[in-house]
Amino acid sequence: MIRVLATDGMEKGAIQDLITKGYEVVEQFYEPEELAEKAKEYNVIVVRSATKVREPIIDAALTTGNLKLIIRGGVGVDNIDVAYAESKGIKVANTPNASSAAVAELAIAGMFSIARHLHAANHTMRLGQWNKKQYKGIELSGKTLGLVGFGRIAQETAKRGAALGMKIIYTDLLGANAAYPDFQFASFEEVLAGADFLSLHIPAKADKSYLLTAAEIAKMKDGAYLVNTSRGSLICEADLLAALDNGKLAGAYLDVFEAEPTKNEALYTHDKISFTPHIGGSTKEAQKRIGSEIVSIITTFFA
């Protein structure tokens, strides 16, 4: 029997589907040291963002040769040492299509939150405060949405932004996308300079270096807003805080952080930042699609 370990949970329907098909499925989170031992016992490991599958875990799994497949339920695979795993004969897969709409909607929701002070107003209302005059916001319509990266999630974000009346500019290593002639391709520097709302949609850099530091933020518009639903390691949090404090940036929305859960108190208590705890793909619809895609990957692999 093929044994599947889902360390960060899996949609219930997908679990039942696998069981019906004759697979054994165990849902259990393990810390790295224990996961290294447990990895020896399973043929498939399914992770989301909490579990990191690094070389020591892969090496441990190799001692029994049972592990054949690692699946990331989501888009990015930077929490898996992909090249190393595949060099050892372990296939790595992800579910790039399943959560695009969910993450795009969250990015747009984050823009609304910081543009209209929803995060702050919600908090102060709960304290019994009626701060109507403090919460004059701006409209998204007529503003420029700059996208760094133009993959599936960015494309879905662009469509929604355009529907709200935003001008779309984007940059991508692959160049201009002919399927979207109404959106403007530009250089990274041009996107930085032109965006009223800058939204990040690229994986973590291979060397884990920042994409945005004080130098890049200085090139942005005064009073611009920053949105990150991609990877927390892309932004230097200290430089972001400085830019918010000195007024260079008007606000930020963050779903991802340099370390998760974040322990950066100066960050998570800042009144110009709206937060969510890495919930980009956390919709019922997205999880169902992710589950279905995971089932398809497993059954195809072991057919």
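This is a predicted model: local features need pLDDT of at least 70, side-chain atom pairs count only at pLDDT 80 or more; totals for chains, interfaces and linings use all residues.
Residues are numbered from 1 along each chain, and side-chain values use heavy atoms, leaving out hydrogens and water.

**The sheet.** Start with the open sheet of 7 strands, ordered E8-E7-E6-E9-E10-E11-E12 with parallel pairing. Strands are DSSP runs of at least two residues and helices (H or I) of at least four, numbered from the N terminus; two strands pair if DSSP finds at least two bridges between them. E8 (184-185) and E12 stand at the edges with a single partner strand each, so one side of each has no neighbour in the sheet.

**Thr276.** Next, select Thr276, in the loop between strand E12 (273-275) and helix H12 (284-301). Thr276 is buried at 17% relative accessible area (buried is under 20%, exposed over 50%, partly exposed in between, with a 1.4 Å probe and protein chains only).

**Salt bridges.** The model has 11 salt bridges (a Lys or Arg side-chain nitrogen within 4 Å of an Asp or Glu carboxyl oxygen). Select Asp222 and Lys248, whose closest N and O atoms are 2.7 Å apart. Asp222 lies in the loop between H9 and E10 and Lys248 in the loop between H10 and E11, so the pair ties together parts 26 residues apart in sequence. Asp222 is exposed at 64%, whereas Lys248 is buried at 16%.
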